[in-house]
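Please look through the sequence and the model before reading the points.

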Amino acid sequence: MSITIPDEMLATTRMSEAEMKQEIAVTLFQKEKLTLAQASRFAGMNRIAFQHLLASRQIPVHYDVEDFEQDIKNLREMGRL
């Protein structure tokens with residue numbers, strides 16, 4: 001599924017497309033609709049950068065089993081486990 005954000009909406013909010021995606025990702029993460037991994041992908045950011053964005057807004061990180069499993073998978077793929 002693709003979502004189209006009209007240029008008029010971006011102009012009205014004075015946001016770039018990237019900023020809009022980040023705002024949507026943060027909101028969905030706060031409402032626990034997306035995991036940390038999902039929200040960071042949606043925002044087009046790596047997980048660490050997304051965590052820094054959350055921290056800058058004093059939003060706690062919900063680190064669940066799915067996030068842990070994804071981290072383990074990533075570490076294995078990187079040859080660190």
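The numbered points below cover the basis of the model, its fold, its surface and its core.

1. The model is predicted: local features need pLDDT of at least 70, side-chain atom pairs count only at pLDDT 80 or more, and totals for chains, interfaces and linings use all residues. Residues are numbered from 1 along each chain as its sequence is written, and side-chain values use heavy atoms, with hydrogens and water left out.

2. The protein has 5 helices and 0 strands, and its pattern along the sequence is α-α-α-α-α. Helices (H or I, at least four residues) and strands (E, at least two) are DSSP runs, numbered from the N terminus.

3. Along the principal axes, the C-alpha atoms fill a box of roughly 50 × 25 × 20 Å. The accessible surface comes to about 6,100 Å², and 52% of this belongs to carbon and sulfur atoms; the areas come from the Shrake-Rupley method with a 1.4 Å probe.

4. Of the 81 residues in the protein, 25% are buried, a term that means under 20% relative accessible area (1.4 Å probe, protein chains only).

5. The largest nonpolar core has 12 residues, including F29, L36, F50 and I59. Such a core is a set of buried Ala, Val, Leu, Ile, Met, Phe, Trp, Tyr and Cys residues joined through side-chain atoms within 4.5 Å. At least two residues of this core come from each of α2 (17–30), α3 (36–43) and α4 (47–56).

6. V26 belongs to this core. Leaving aside neighbours within four places in sequence, V26 is in contact (heavy atoms within 4.5 Å) with F50, L53, L54, R57 and I59.

Methods
Buried means under 20% relative accessible area, exposed over 50%, partly exposed in between (1.4 Å probe, protein chains only).
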